[in-house]
Amino acid sequence: MAGRFRPRRRGLVALSAAAGLLVVGWLATTPWLVDHWPRVLAVVLFLFVFVVPRWFVPARSAASLAGVEDPAARGRLEDDRLKLQNDVRIGLLQAVAGVAVIAAVVVTWQQLETDRRQLRQQLEVAGQEQAGERFAQALDQLGSEQLDVRLGGIYGLERVAARASGAALAAGGAYRLPPEVSGGTADPAPAGWWASQDRVQVFEILSAYVRPTSHRSPVGPVGPDASLQVRQPDVNAAVTVLARRTVLDGDPPLDLSGSLLGGARLGWARLAGADLRGADVRGTSLQHAELAGAHLEQALLCGSEFQGADLRGAHLAGAKVSAATSWPSGFDWRAAGARLVESC
């Protein structure tokens, strides 16, 4: 009889294991299990060892033993019953062991995922702290009286923006304030949002540095052919950093209105939509620059080089140009509002 039950025991093991996995999967989502799992395990083991086997193989009734008068035969029947109970008990314990192994693997995997998330968060916090320190240091350097220190601050801000651009790109290039963090709510900002804010602030700071600093007395020699790099290396460095920045969807246009950028080398510059109203860009190289939608009203463009530049939708009302100003092929600068002068 015990031998006939062995195939059933294998089925019992499989069924119990499947039921155990379903129960474990359901209990895994309950927070109280973290504190009470030893008690739950003790109750399950007690049921499987003492209760369930007797339920599957109950004691023989007096009616079933009425025709068995031989004490030895009765003893053998009782032994068979106990063996069946033991087989049920072993099958259930095997199922518990299998479920325990699988549960241990699942718990280990969950712990590894938790550790990875915590490590990622720690690295992000450390990166934000480091970026904040670099940001503060670069701002201090911008106010220095020494040219080399100011240049270090400008390129330090570029490194901060480059790091933030990488984080923002990894998060999908998010920029604008999402609804869940507006209105003073406590919901956390999505990944990459603060990185986007850091890089935009860097660009605003550098633009604000260029506008007044370009009007200060030159630190280098001044002449008709003197480039911006020679006259004001710090202004040239700042505008170059702005021109080669990574542009993401939603970035605000640069504000360089009224800046003195004559003689700058800004080929392939990313200045789409930039505000250059009243700016002095005489003799500036803007070949292949992105200037679509840029505002160049009242700007000085004598001798500027725009070959290959994208000037679609650019605003040139009142801009002064000379015969030496070069334009992209097919661009009608008169229709755009620019006017020809003998000299600027």
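**Entry 1: Asp310 and Arg312**

I looked up Asp310 and found it partly exposed, at 21% relative accessibility, where partly exposed lies between buried, under 20% relative accessible area, and exposed, over 50% (1.4 Å probe, protein chains only). The side chains of Arg312 and Asp310 meet in a salt bridge at 2.8 Å, N to O, the term standing for a side-chain nitrogen of Lys or Arg within 4 Å of a carboxyl oxygen of Asp or Glu.

I note that this is a predicted model, in which local features need pLDDT of at least 70 and side-chain atom pairs count only at pLDDT 80 or more, while totals for chains, interfaces and linings use all residues. Residues are numbered from 1 along each chain as its sequence is written, and side-chain values use heavy atoms, with hydrogens and water left out.

**Entry 2: other salt bridges**

I searched the whole structure and found eight salt bridges. One of them pairs Arg211 with Asp255, with 3.7 Å between the closest N and O atoms. This pair links distant parts of the chain, since Arg211 sits in helix 5 (residues 193-213) and Asp255 in the loop between helix 7 and strand 1, 44 residues apart; helices (H or I, at least four residues) and strands (E, at least two) are DSSP runs, numbered from the N terminus. Arg211 is partly exposed at 26%, and Asp255 is partly exposed at 29%.

I then turned to Asp275 and Arg277, whose side chains meet in a salt bridge at 2.7 Å, N to O. Asp275 counts as buried because its relative accessibility is 13%, whereas Arg277, at 42%, counts as partly exposed.

**Entry 3: the disulfide**

Which cysteines does a disulfide join? I found Cys302 joined to Cys344, with 1.5 Å from S to S, a disulfide being a pair of cysteine sulfur atoms within 2.5 Å. The two cysteines lie in distant parts of the chain, Cys302 in the loop between helix 7 (233-243) and strand 1, and Cys344 in the segment after strand 2, 42 residues apart. The link is right-handed, with 65° about the S-S bond, and the search of the whole structure gives one disulfide. Cys302 counts as buried at 10% relative accessibility, while Cys344 is partly exposed at 33%.

**Entry 4: Thr325**

I placed Thr325 in the loop between strand 1 (320-321) and strand 2 (339-340). Is Thr325 buried or exposed? Thr325 counts as buried, because its relative accessibility is 7%. Its side chain reaches the backbone nitrogen of Gly303 at 3.1 Å. Leaving aside residues up to four places away in sequence, Thr325 touches Leu301, Cys302, Gly303, Ser304 and Phe306, contact meaning heavy atoms within 4.5 Å.

**Entry 5: nonpolar cores**

I looked next at the largest nonpolar core, which has 48 residues, Leu291 and Leu301 having the most contacts inside it; such a core is a set of buried Ala, Val, Leu, Ile, Met, Phe, Trp, Tyr and Cys residues joined through side-chain atoms within 4.5 Å. The elements that give two or more residues to this core are helix 3 (71-142), helix 4 (147-170), helix 5 and helix 7, and the largest share, seven residues, comes from helix 7. Not counting residues up to four places away in sequence, Leu291 touches Leu271, Ala272, Leu276, Leu286, Phe306, Asp310, Leu311 and Ala314. Apart from this core lies another, of five residues, among them Val52, Val57, Leu84 and Val88.

Methods
Polar contact = N/O pair within 3.5 Å; in protein donor to acceptor, adjacent residues only side chain to side chain.
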